[in-house]
Amino acid sequence: MTNKERRDAGLAYISDEDIFEEQAVCRKILQKLNFMDRSDFDGIKEIVKELLGKSEDAFINPPFYCDYGKHIETGKYFFANYNCTLLDVAKIKIGDNCQLAPNVAIYTAGHPIHPVSRNSAYEYGKEVTIGDNVWVGGNSVICPGVKIGDNVVIGAGSVVTKDIPDWCVAAGNPCRVIKRITDDDKRKLFRDEEIDDEAWADIVEHMEF
């Protein structure tokens, strides 16, 4: 097997010239994205579409960093805020209506823990999957192999090392479920504050529940 085949199969692999060539293509696109006019919203969307393997109406606030781009698949209306890093050695699959706050990192890349194996230059990638309607808080880290369910909020500063189920708020290091999200949370805004009447009437009129 080639190292690219080994990488894509989730096996130990070495980053050789063929792999560096793939990364070079991505870095050229990132160079355009990260140094373009920040007010050119339409231009940014076009570069994001060129960068990602699959997307629909995705928007990323530069700067943004990844290894390949083509290994990242996002659903409808994906948004990543400033300074996010997605190490997409393996697939990163993200559902519809997902938001990444500033400085979020998603890592599929890993290395052996024993120094003899690690110093051999072999590494690996394990897929990360994120469901629909997920908000990941700022400075959070999602580790290789993690699956996050639908309708989840990950609190700021979390380190997600294990799977997170649907419909919950999870936070901490290591990240753990804090509470379930229910219909009682629909009108909550910040802590005990509720969405005001005018905004809530607009939500009720235009959104499906």
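Two strands pair if DSSP finds at least two bridges between them, and strands here (E, at least two residues), like helices (H or I, at least four), are DSSP runs numbered from the N terminus. By that rule, strand 18 (residues 168-171) and strand 19 pair in the antiparallel sense over four bridges. This is a predicted model, in which local features need pLDDT of at least 70, side-chain atom pairs count only at pLDDT 80 or more, and totals for chains, interfaces and linings use all residues. Residues are numbered from 1 along each chain as its sequence is written, and side-chain values use heavy atoms, with hydrogens and water left out.

- An open sheet of seven strands runs in the order 2-5-8-13-16-18-19, and its pairing is mixed.
- Strand 2 (59-60) and strand 19 (176-180) stand at the edges with a single partner strand each, so one side of each has no neighbour in the sheet.
- Within the pairing of strand 18 with strand 19, Cys168 stands opposite Arg180.

- Buried means under 20% relative accessible area, exposed means over 50%, and partly exposed lies in between, using a 1.4 Å probe and protein chains only.
- Not counting residues up to four places away in sequence, Phe64 is in contact (heavy atoms within 4.5 Å) with residues including Leu30, Leu51 and Ile72.

**Salt bridges**

- A search of the whole structure finds ten salt bridges, each being a side-chain nitrogen of Lys or Arg within 4 Å of a carboxyl oxygen of Asp or Glu.
- The side chains of Glu22 and Lys4 meet in one of them, at 3.6 Å from N to O, and this pair links distant parts of the chain, with Glu22 in helix 2 and Lys4 in helix 1, 18 residues apart.
- Glu22 counts as buried at 16% relative accessibility, whereas Lys4 is partly exposed at 29%.
- Asp185 forms a salt bridge with Lys179, the closest N and O atoms being 2.9 Å apart; Asp185 counts as buried at 15%, while Lys179 is partly exposed at 32%.

**A buried charge without a salt bridge**

- Asp67 lies in the loop between strand 3 (64-66) and strand 4 (72-76).
- Asp67 is buried yet has no salt bridge, and the nearest side chain of opposite charge, Arg27, is 5.1 Å away, where Lys and Arg count as positive, Asp and Glu as negative, and His and the chain ends are not counted.
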